[in-house]
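I opened this model to look up the ligand site, the salt bridges and the backbone geometry. My entries follow the order in which I looked.

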Amino acid sequence: MLKIAIIGYGKMGHEIEAIALDRGHSIVLKIDASNQPDLSESNLKNVDVAIEFTSPHTAKQNVELCLSAGTPVVCGTTGWNDEAAKIIERVKAGEGTFFFASNYSVGVNIFFKLNAMASKLLAKVGGYNVGIQETHHTQKLDAPSGTAISIANAITAENPNLNGWTLVSDKVDGKIPIEAVREGTVPGTHIVNFESEQDQIVLSHIAKSRRGFAIGAVLAAEFIAGKKGFYNMDNLLNFD
Ligand SMILES: NC(=O)c1ccc[n+]([C@@H]2O[C@H](COP(=O)([O-])OP(=O)(O)OC[C@H]3O[C@@H](n4cnc5c(N)ncnc54)[C@H](OP(=O)(O)O)[C@@H]3O)[C@@H](O)[C@H]2O)c1
């Protein structure tokens, strides 16, 4: 049983609380925009693992505070990849314990691998263009989604003719166009379209709710408790 801090008590924070309690953990600290000063090193001393789902503007500061308090931290906040990458380097060099994933759903992490596999095969035969469409609820702050960026990275890693991604409006040769759609209460839909002159291969992942993300985040907390270093979903799911 873990003593967990929830940093960001919004849509994901509430889901994570329910899953953590179901799995026998206790929530000893809950931080929201309204009680930020309670996120102190002294309060974190009583915490086994912190789970951070806030916003792209606040994640860096929250994660750094956990690291300096020596509290392992699981972070799911998207839209701050460049700063997260610097923290990951520091953690790999010996500072604290950090788990970071653009998407904690087991199904999405399988979807990353399916896209990588398709990309590898299609790069061999040639003639296919690739595009990604992601749809999320209207309150989402970042675009494109961190998951769409991870899908694009998985695809480009397997095709030497591709070099990163761009928003569909900016269209750049060699970069995967990503269309970000914001509508209703959609928890997360990702559609990848591989298209040639002759045919079309479409891979899609549709999250039915936020529960799958919350389960993955709590599993990640259980996984890093008592460990040092940087971890991601490949480590948790034994995909490496
Ligand atoms: N990796 C994944 O699997 C995954 C899955 C779903 C979502 N996400 C990401 O997780 C993040 C949160 O998503 P969400 O849907 O839960 O958003 P949300 O409902 O807006 O919740 C964010 C919460 O963080 C609070 N907050 C803001 N600043 C804070 C601070 N400095 N310290 C502590 N709490 C603070 C907000 O409070 P106020 O409302 O009072 O501002 C809000 O309650 C987003 O970046 C989203 O893209 C990731």
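The notes below begin with the basis of the model and then turn to the ligand.

I am working with a predicted model, in which local features need pLDDT of at least 70, side-chain atom pairs count only at pLDDT 80 or more, and totals for chains, interfaces and linings use all residues. Residues are numbered from 1 along each chain as its sequence is written, and side-chain values use heavy atoms, with hydrogens and water left out.

The side chain of Thr78 has an N or O atom 2.7 Å from a ligand oxygen, while a backbone N or O atom of Ala101 lies 3.2 Å from a nitrogen atom of the ligand. Taken alone the ligand exposes 920 Å², and the protein buries 77% of that, by the Shrake-Rupley method with a 1.4 Å probe.

**Salt bridges.** I searched the whole structure for salt bridges (a side-chain nitrogen of Lys or Arg within 4 Å of a carboxyl oxygen of Asp or Glu) and recorded eight. One that I followed up joins Lys30 and Glu17, whose closest N and O atoms are 2.8 Å apart. Lys30 lies in strand β2 (residues 26–31) and Glu17 in helix α1 (residues 11–22), so the pair ties together parts that are 13 residues apart in sequence. Helices (H or I, at least four residues) and strands (E, at least two) are DSSP runs, numbered from the N terminus.

**Backbone.** Most residues other than glycine have a negative phi, and most peptide bonds are trans. I found a cis peptide bond between Ala143 and Pro144, with omega about 0°; Pro144 lies in the loop between β6 (129–136) and α6 (146–156). I also noted Lys171, whose phi is positive, near 20°, and which is found in the loop between β7 (165–167) and β8 (176–182).

Definitions and conventions: A polar contact is a pair of N or O atoms within 3.5 Å; within protein, one must be able to donate a hydrogen and the other to accept it, and residues adjacent in sequence count only if both atoms are side-chain atoms.
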